[in-house]
Amino acid sequence: MNDSGGSRLALLHFLERVQERDLARTRRWIVDEERREAEQRVGEARRPPVPEWLIERGLDRSNIVAVHTGECWDPGKRTRPATRAQAIEALRHQVPACLKCRPDTALGIVD
């Protein structure tokens, strides 16, 4: 510190105020982050379980386009949860199995 801008004590008091402001800001950031993490944990706890099987419908919603596993990474936008029996029934009625997740193999239905 140099002596040209004021007394050494005044500069130290200024530094203290700056650091207190920085500490208060850091504490606000901590509180905000704790709140976000708590909200995320609540959201994850409320999330419904991933369905075991998915049925993908066409644009008109009357025809079935594909069958997927519940963990498929590319299921399409028009999928609905399905039971194991519904997935098997769809595959037996010539509904295509997803080529990425292979529900026919997972269900033991391989032609």
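Author: Helices (H or I, at least four residues) and strands (E, at least two) are DSSP runs, numbered from the N terminus. The model is predicted: local features need pLDDT of at least 70, side-chain atom pairs count only at pLDDT 80 or more, and totals for chains, interfaces and linings use all residues. Residues are numbered from 1 along each chain as its sequence is written, and side-chain values use heavy atoms, with hydrogens and water left out.

Reader: Which pattern does the chain follow when read along the sequence?

Author: The chain has three helices and three strands. In sequence order, they give the pattern α-β-β-β-α-α.

Reader: In which helix is confidence highest?

Author: The pLDDT is the predictor's confidence in each residue, from 0 to 100. Its mean over the chain is 91, and 95% of the residues reach 70 or more. Confidence is lowest in helix H3 (residues 103-107), at a mean of 90. It is highest, at 97, in residues 8-46, helix H1.

Reader: What radius of gyration does the chain have?

Author: The C-alpha atoms fill a box of roughly 90 × 30 × 25 Å along the principal axes. A compact globule of 111 residues would have a radius of gyration near 13 Å, by the rule of 2.2 Å times the number of residues to the power 0.38, taken over C-alpha atoms. The chain, by contrast, has 30 Å.

Reader: What distance separates the C-alpha atoms of glycine 6 and isoleucine 55?

Author: Glycine 6 lies in the segment before H1. With a relative accessibility of 30%, glycine 6 counts as partly exposed, the class between buried (under 20% relative accessible area) and exposed (over 50%), with a 1.4 Å probe and protein chains only. Glycine 6 and isoleucine 55 are 49 residues apart along the chain, and their C-alpha atoms are separated by 76 Å.

Reader: In what order do the three strands form the open sheet?

Author: Strands pair if DSSP finds at least two bridges between them. E1 pairs with E2 over five bridges and with E3 over four bridges, in the antiparallel sense. Strands E2 (64-69) and E3 (79-82) stand at the edges with a single partner strand each, so one side of each is left without a neighbour in the sheet. The order is therefore E2-E1-E3.

Reader: Which residue is the bridge partner of arginine 57 in E2?

Author: On the E3 side, tryptophan 53 is bridged to alanine 82, and leucine 54 to proline 81. The hairpin of E1 and E2 has six residues between the strands, where arginine 61 takes a positive phi near 65 degrees. The partner of arginine 57 in E2 is isoleucine 64.

Reader: What angle does the direction of helix H2 make with that of E1?

Author: Axes are lines fitted to C-alpha atoms, for helices over the stretch in contact, and angles run from 0 to 180 degrees between N-to-C directions. Contact means heavy atoms within 4.5 Å. Helix H2 (residues 84-92) packs on the sheet and touches E1, E2 and E3. Its direction and that of E1 make an angle of about 50 degrees.

Reader: Why is threonine 69 classed as buried?

Author: Threonine 69 is found in strand E2. Not counting residues up to four places away in sequence, threonine 69 touches Glu52, Trp53, Leu54, Cys101, Pro103 and Ala106. Threonine 69 is classed as buried because its relative accessible area is 12%.

Reader: What relative accessible area does glutamine 94 have?

Author: Glutamine 94 is found in the loop between H2 and H3. Most residues other than glycine have a negative phi. Glutamine 94, although not a glycine, has a positive phi of about 65 degrees. This residue is exposed, with a relative accessible area of 67%.
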